[in-house]
Amino acid sequence: MLPAATITDADIRSDIPISFSPAKRKVKRFVISPLASPAMKSPFRRLTTTLYRLIIFIFLVLIHISLVGADAFDSLTVQREINGNWPRFDCPQCMDKKEQINTNSLAVGNHKVDKDIDIIVTYTDTSGAIKIRTVKSKDLSASWVWKNPIDDDQSKEEDLKPLKDQPETRFEDSSEHSSNEHADINEQKRKTSSPMHPAKLKRRALRQERRDRRTAELIQVSQRTMTQMEEAAIARAKMLDTSVKGRYGIWRKEYESPNSDSTVKLMRDQIIMAKAYASIAKAKNETGIYDSLIEHSKRSQHAIEKATFDSELGPSAVDRAKEMGHILSLAKDKFYDCIIMARKLRVMLQSAEANVDEVKKKSASLTQLAAKTLPKPLHCLPLVLTTDYFLLGDKNKEIPNIKNLEDPSLYHYAIFSDNVLATSVVVNSTVLHAKEPGKHVFHIVTDKLNFAAMKMWFLVNPPEGSTIQVQNVDDFTWLNASYCPVLRQLESSRMREYYFKAHQASSLTAVTDNLKYRNPKYLSMLNHLRFYLPEVYPKLDKILFLDDDIVVQKDLTPLWSVDLQGMVNGAVETCKESFHRFDKYLNFSNPKISDNFDANACGWAFGMNMFDLKEWKKRDITGIYHGWQNMNEERTLWKLGTLPPGLITFYNLTHPLDRSWHVLGLGYDPALNQTEIENAAVVHYNGNYKPWLDLAIGKYRSYWSRYVKFDNPYLQLCKINSFMLSS
């Protein structure tokens, strides 16, 4: 049953539209109007007209009642079918059932039609006569919908709402419907949209839920990212250095760099070109231009003097540069020849390179000379100490805690040095960082010249709780030329000639080499005594060897717990890529070296070495050292020093320690990593730039000078103060 167009008694009194509205189309209307005919004057005709109207009215009322009832029943049936019999899932069987239901009934708009309905409508034609017409419901297209005049006004208001504001179609639950199914049909709202499958509604709800959840997640991520960005920006702002460091914007005219040297370089280049053109002018007898070029060269040189930056130039420098540019322009116009100029510049370049090489050799020679020269205050210190030592009585010269010297359960150190101040820094820095200073024993060996001074210093300034032993290397009677090959070689006439006859050298290079080898560390037996540790300390099991140019920054007692894995020597390796490998120290062109050693083997450093004296004796390390020293009497395997024979003697017998134990290079490399230096247990000033010399690298000196006791009376007497040892 379809909802029928209804006509009430109000329809008789006025024009009431009965409309069939297609979806989203303009509503078409058929109007039923009162009879429009000429005036009927006779009473009979008036009665006839009244009866005719009454019959039509009764007929239309009956039709209206029947259609309204059918519409209410049909709506109730459709609602029940939707709530109870509509398939819940879009399975193939459900879809087939759905299609079968749709095919069994005809649909007009959104209503199902079980049978055809005749629709009777009245309208007034152009002449004013009332017409009656019957329309079959099957003849209407599916796009037409039925509209109830009662809800017409409400439908119009709902059509005016935006699409986004229209609520989704919802169906009442069966329980709710059953309780209200006998309510007045005319009081219920008509749903204008088509009913939707519950499964589809559920999917739509799930999609909306996922969208909301994803939106919430994105908002949280965005807020978290924004917070991180704000924190990072705050951190960068705190680290930003807002201090004005100079002018900026080099494209601005007022920009002037205080370190700019463009004018100085220009004037130096002009002097070079002037010399080249002057040489050509002299060859062509152009004395006028030659004299002018020489004169302007002298003026420019006088204006530059020792300036290295433009700010150091005099006020007349720019004028001199302009004058030189003018005379060079004249010389270029007259003498310029590409081939001749290239030849002249090549000769000048070769001459400059020769001068640079000469300066480098002189610099190396002076550096070696300065490295082996002791400053006057440091030379004063041992003299004063020696004088006071011989004024002491014999009782005051005794060493306290002598029983600790041969106790293998304690921590023993070996230091071989003739530098009193340097040795004191090693001892002070070690004891200061030791957790148990009373268990540390220092064995110091020096030469006859400095023995009294060294002993006097530690008698007056004993380290807190530690034991100090000072010995004279000349007291080791077993260390003689018959037992020690290097001592025999040092006493030979050929070696003395090699070392000391530098004045007979034929070139400056030979002078430089001889000065290098005349350094006391190459000539003193203190430097080679490290290869005789078991003979010097026969009752000890382990000993830590320290050079006098190191500084201790951490407790070293954990080194005695390091497992050397059967090796004799524990040391830090120094090879980095291709540097400090065996081929740098040994002569691999000699078969004795190339057949026994790997040229790419990693080198290691003396300066902080843990030696296992038990394993040393078992492997006869001193005997291996003697054998290689005898083979190198002619200096064909290596030149001099203790590191090359050390690399050979302890080859495959060295256990690598962690690099943080020993950082080297403070005596020659100004570009070391500052963090590595701060974290190192031992820093080593290996090289010529020792911290007690004027040659020292300023930024590294403080690591050493902080352990010097400048308030000591002996240091004050010799004028050794912090100012002298400051950078």
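1. Buried means under 20% relative accessible area, exposed over 50%, and partly exposed in between (1.4 Å probe, protein chains only). Helices (H or I, at least four residues) and strands (E, at least two) are DSSP runs, numbered from the N terminus.

2. This is a predicted model: local features need pLDDT of at least 70, side-chain atom pairs count only at pLDDT 80 or more, and totals for chains, interfaces and linings use all residues. Residues are numbered from 1 along each chain as its sequence is written, and side-chain values use heavy atoms, with hydrogens and water left out.

3. The whole structure holds 14 salt bridges. Each is a side-chain nitrogen of Lys or Arg within 4 Å of a carboxyl oxygen of Asp or Glu. One joins Lys 690 to Asp 549, with the closest N and O atoms 2.5 Å apart. The two residues lie 141 residues apart in the chain. Both Lys 690 and Asp 549 are buried.

4. Lys 539 and Glu 406 also form a salt bridge (3.2 Å, N to O). They are 133 residues apart, each in a loop. Lys 539 is exposed, at 52% relative accessibility. Glu 406 is partly exposed, at 47%.
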